[in-house]
Amino acid sequence: MGKNKLSKFAEMETFGHVVQVPFRVLNEEGFDMKGQWNERFFKNENPIVLELGCGKGEYTVGLARRFPQFNFIGIDIKGSRMWKGAKESWEGQMKNVGFLRTNIELLNAFFAPEEIAEIWITFPDPQMKKVRKRLTSTRFMQSYRSFLKPGGIVHLKTDSNFMYQYTRSMIEENHLPVDVDTDDLYQSGLGNEILEIRTFYEQQWLDRGKTIKYLRFHLKEGELKEPDVEPEPDDYRSFGRNK
C-alpha cells in the first residue's frame, strides 16, 4: 500500500464524522448506534439521506451544502477515495454530513427500520453479467426497504444505458411509483440544484458525449420480482472508466 493511501487512512481515523467498524466487531457485537443516528450522530431529527458508492463524496457534500434541513451519509468501501469528501466536510465543520465505510451488502446491520428517508445511487457499476450485484436489483431493493421509511425515495443517476434500461424494467415489473424518468437529464429541462451537482466521473462522461440518465422512484410493500429482460450491453466499461 502506498504512503499516500496510508496517510489518508490515518487522517480518516481523526475525523469524528467518519464511521468505520471492522467486520469482526460488526459480526460479533453489532453496531450500537443502529436506530440512533439522529439522536447520537447528527443530534437532530432531520431526515437522513444515503449516497451509496459515494466515491470522492462530491454528491454527499454538495447535497449537504444545499439542503441543511437534511442529514447526509456517504457510503463506500474505498476509504482512500472517501477521504476527499470527508476531509472537505470536516474542515468545513459541516454538521449534517457523515461517512460510513462499509460494504453496501451490510447496510441493514447499520440502519434500523424506517431510519432512512432517501437513497441516492450515483454512477454505480452496471454489473452487466451479475444481476445480484446490481445496486438496483430486487435483492438490493429488499435490503433498502428494510431501513427506508414507507414509500421511501430512490434516486438513480447513471451514464450506463444498460443500468438505466434494467432499472426501468425492474420498476415496471414491480409497479413502483415513478416521479422522474429521463434518458438525457441535461436536455430534459428538469435540471435543478440537486441534479446539477456533477461528480468527477460524471463530467468525464459528459465530456465524452455520454448522456446522463436519471430515475426517481418509490419503494412499496409486497414481493419484488426480477424482470425477465436483459438490455443491450454498453459498448464501453462504465466502472472501469475506459472505452
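Arginine 134 is buried, at 0% relative accessibility, where buried means under 20% relative accessible area, exposed over 50%, and partly exposed in between (1.4 Å probe, protein chains only). The structure is a predicted model, in which local features need pLDDT of at least 70 and side-chain atom pairs count only at pLDDT 80 or more, while totals for chains, interfaces and linings use all residues. Residues are numbered from 1 along each chain as its sequence is written, and side-chain values use heavy atoms, with hydrogens and water left out.

Side chains of opposite charge can pair when their charged atoms come close. A salt bridge is taken here as a side-chain nitrogen of Lys or Arg within 4 Å of a carboxyl oxygen of Asp or Glu, and the count by this rule is 10. One of these joins arginine 134 to glutamate 230, at 3.0 Å from N to O. This pair links distant parts of the chain, 96 residues apart: arginine 134 sits in the loop between β5 (116–122) and α6 (138–145), and glutamate 230 in the segment after β8 (213–218). Helices (H or I, at least four residues) and strands (E, at least two) are DSSP runs, numbered from the N terminus.

Through shared partners, salt bridges connect Glu11, Lys87 and Glu91 in one network.

Arginine 40 also pairs with aspartate 32, with 3.7 Å between the closest N and O atoms. Here arginine 40 is partly exposed at 35% relative accessibility, and aspartate 32 is exposed at 55%.
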